[in-house]
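Here is a short briefing on a ligand site and a pocket. Keep the structure open as you read.

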Amino acid sequence: MNKGTPTVTEMQVIPVAGYDSMLMTLSGCHAPYFTRNLVILKDSAGHTGIGEIHGGDYTCDALKSCIPLVVGQQVGKYRAILDSIHKASKRAKEDDGEGIQSLDISKLKFVVKAEWAIECALLDLLGQYLDLPMCELLGDGKQRDQVETLGYLFYVSDKNKAKELNYLDESDSSDPWFKLRRQEMLTPERIVEQAQVLHEKYGFRNFKLKGGVLKGSEEMEAIRALKKAFPNGRINIDPNGAWSLAEAIELCKPMEGVLTYIEDPCGPESGFSSREIMAEFKNKVNLPVATNMIATDWRQFYHAAALKSVDIVLADPHFWGFGGSVRMAQILNDWGLTWGSHSNNHFDITLTAFAHVAAAAPGNPTALDTHWIWQDGQNLLNDTPQIVDGYLQVPKKPGLGVTINMDRVMEANKLYNSLPTHDRDDAMAMQYLIPNWKFDSKKPALVR
Ligand SMILES: O=C([O-])C(=O)C[C@H](O)[C@@H](O)C(=O)[O-]
Ligand SMILES: [Mg+2]
């Protein structure tokens, strides 16, 4: 009889792309495509383990360089495998270690750590070997069967203004959400319509509006309209640090009974870091403050916690690792703070991974972010977990509990290979809306 856990026999890294809408953020405008990298592991027991992470060549190359450290290793030694990757990895020259205190999208690739896709695939294999769902292997094990999820609302620009870019058109879809999601939505009325259609399809009662697009006062009008339409709903806004401290206080103070939390209201200013500025904001405004920008690793979290700058850490497992994100959930829960997760555009493998991480987070996490609703239908799995009545269902089968559809993966890989560039560039599409547009961390995208 063979002793020990199975060994990894093969590691594939497959870059993929999918379609997106003209979603607006402080960084500009989403391009018609988004990219991701997949890791597919095979082991000596005949199992397949999968993981998904940030797209682009930088992350793809980082993953490929890990292959010799993974293949031939025992699945049960996954922590040692990750440790060997960390010890071998070198920080890129362009990475200043600042993280994303100002939402410079080109830096996101340094905040995301490629190896967490490998961690995910290894946990998938280990779970299959042990006959346990992945969430049972994390933290204190499974805490819930379904995970509350929020409707991530975005302002959407008119794709006809960038005809050459060929954004996907779903105007003839019979699904009301699919039909709506590629259309222009820039007013409070259209944002409420977006939320209503999402509520009908997925049952969301919690919503987050991606801000940093219009003037802060106009975005607060949309928030008020949402609260009117969903009086019992929890409504949040995330301008990605676009507002000055004074403006953030002025905008948010009157919203104390309206917003449930405010995410990254302000950024660094006058020589003070975002952690210091957000601590000052919290002294003035009686709202819980969330972040995925000022605490993206343990060193940043140390300072954010010491200054009491945040109440809710959106600890995306693609930034923190799966073990790390759940460790954060445990610490926050012990300290009376709250865990949640940030997201970027992703396929259903990440959706499944989010389900397991959130299922293992103790206490009362905030409703989970996901961009999935903007990609729903572009499945890479045969059995994509569903969002029902506002809750993402946690797969019960061993490991991630889902099966990959290689035909769809290869189609998404073909799309990736056909793209002129693989890195995210939200300024590119933005130039069609405002010629010569440039990112400014203090100016909403459409205010120029
Ligand atoms: O919560 C957040 O800050 C995000 O989701 C940031 C992302 O970059 C999002 O705005 C996006 O992907 O456009
Ligand atoms: Mg955020």
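How far is an oxygen atom of ligand 1 from an N or O atom in the side chain of Asn344? The distance is 3.1 Å. This is a predicted model, in which local features need pLDDT of at least 70, side-chain atom pairs count only at pLDDT 80 or more, and totals for chains, interfaces and linings use all residues. Residues are numbered from 1 along each chain as its sequence is written, chains are lettered from A and ligands numbered from 1 in the order written, and side-chain values use heavy atoms, without hydrogens and water.

**Ligand 1**
- Arg424 places a polar side-chain atom 2.8 Å from a ligand 1 oxygen atom.
- For Glu263, the distance from a polar side-chain atom to an oxygen atom of ligand 1 is 3.0 Å.
- The protein buries 100% of the 330 Å² that ligand 1 exposes when taken alone (Shrake-Rupley method, 1.4 Å probe).
- There are 15 residues around ligand 1 (a heavy atom within 4 Å). His30, Tyr152, Asp238, Asn240 and Arg424 come nearest.
- Domain 1 (8–136 + 407–417) and domain 2 (138–400) each supply at least three residues of this shell. The bounds come from an automatic or database domain assignment.

**Second largest pocket**
- Its volume is about 510 Å³, the space filled by probe spheres set on the grid points.
- A pocket is an open set of points on a 1 Å grid where a 1.4 Å probe fits, with protein on both sides within 12 Å along at least five of seven lines; lining residues have an atom within 4 Å of a point.
- Of 26 lining residues, Ala31, Tyr33, Asp423, Arg424 and Asp425 are closest to the centre.
- The second largest pocket lies between domain 1 and domain 2, because both give residues to its lining.

Technical notes:
Polar contact = N/O pair within 3.5 Å; in protein donor to acceptor, adjacent residues only side chain to side chain.
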